[in-house]
Amino acid sequence: MVDYDLLVPYGWTEAVANEYAALVDDGCVPARVIRMDRSECDVATPDGWARAKCPRSDAEPSGLCTGDWVSIDAQRNVRALLPRRSAIVRSTASRRSEGQVLAANVDTVLVCTAADGDVDLGRIERMLALAWESNAQPVVVLTKADAAEELPIEAVQAVAPGAMVLAVSAASGYGIDVLTAVLDGTVALIGPSGAGKSTMANALLGAEVFATNAVRAVDKKGKHTTVHRELRPLPNGGTLIDTPGLRGIGLWDAAEGIEKTFSDIETFAAECRFGDCSHEGEPGCAVREAIDTGALTQRRFDSYRKLAKENAWMESRADKRLQAERDRAWRGIRKQQRQMYRERGSRR
């Protein structure tokens, strides 16, 4: 009889058990990926932490990632990736149109940005689109609130419909109690280097678990202190995944995430006179009217158009890649057929 008590701190609940227990093969047990390291990973098992061998990394959406639930055998080999309830996926920097999974089975995404400098609203919108698309609940966190001359709470709230916006300071403890109260299930932190993610993660964990570094005073930019995505239990229940700073946040199949991020624009667009309105000057355009009256800023509309265009381009690249793969497969089949016909002819 398998004792799952040691998995509880890592997110094993009755709901997870009901979903996954029947999918685990005989001779295997469920485990959660703590950290990936090439072809191996640290996992939490019913017997405690273990080192497991895995066939795939997070280089593609079908690969393993921190936060995944897997099935492992007695030799500590990963045998199956169990279905994901959610996944934060961005496009890779490679020429191939592929997605990279940042964290899996996440319930809450903390979109982190430092408040002690210029707060980039466009970057927040981009990260929100990523978070909404993951099927998790985003919370925007303005870090380093103690060092900010002014907290742009209202400006950030205006670009984050449906998401809570909080200001915190890990150094002074300001707002940490409020943030802790809204955390649910598995929590993932995303944001650029220097946003104070690891410092805040340590504050939430109540211990110096992750290494931290000071940002450069000249440009407020930070180094990649965190180089792996790693999952740890939170002291009051739930788990936390710290992630490396994101230099590039390319969208990957994020149409629904964009719609939720810009739900205000979608609402205005629904009132346009023409269903195919391009919002470029057509009569009865509710979006242009909102911009003219100040109900919607031109910056936000431009950001919406930019992300939608980028996502459409990525989708077209993915379609072309899949078509190219299908074409190569068919060329291989036709080559085999020609070879077979030649062999048949030589026997006559």
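**View 1. Trp 12 and Trp 69 are both buried.** Here "buried" means under 20% relative accessible area, with over 50% called exposed and anything in between partly exposed (1.4 Å probe, protein chains only). This is a predicted model, where local features need pLDDT of at least 70, side-chain atom pairs count only at pLDDT 80 or more, and totals for chains, interfaces and linings use all residues. Residues are numbered from 1 along each chain as its sequence is written, and side-chain values use heavy atoms, leaving out hydrogens and water.

**View 2. Aromatic rings meet up.** Rings of Phe, Tyr and Trp (its six-membered ring) pair if their centres lie within 6.5 Å; planes under 30 degrees apart are stacked, over 60 edge-to-face, the rest tilted. Searching the whole structure turns up five aromatic pairs. One of them, Trp 12 with Trp 69, is edge-to-face, at 5.3 Å centre to centre and 65° between the planes. Trp 12 sits in the segment before helix 1 (14-20) and Trp 69 in strand 4 (residues 69-73), so this pair ties together parts 57 residues apart in sequence. Helices (H or I, at least four residues) and strands (E, at least two) are DSSP runs, numbered from the N terminus. Ring pairs also link Tyr 4, Trp 12, Tyr 20 and Trp 69 into a cluster.

**View 3. Helix 5 is largely enclosed by the rest of the structure.** Seven of the nine residues of helix 5 (residues 197-205) are buried, including Met 200, Leu 204 and Leu 205.

**View 4. Strand 12 and strand 13 make a hairpin.** Five residues lie between the two strands, and Gly 237 in the turn has a positive phi of about 100°. The strands pair in the antiparallel sense over four bridges (pairing takes at least two bridges found by DSSP).
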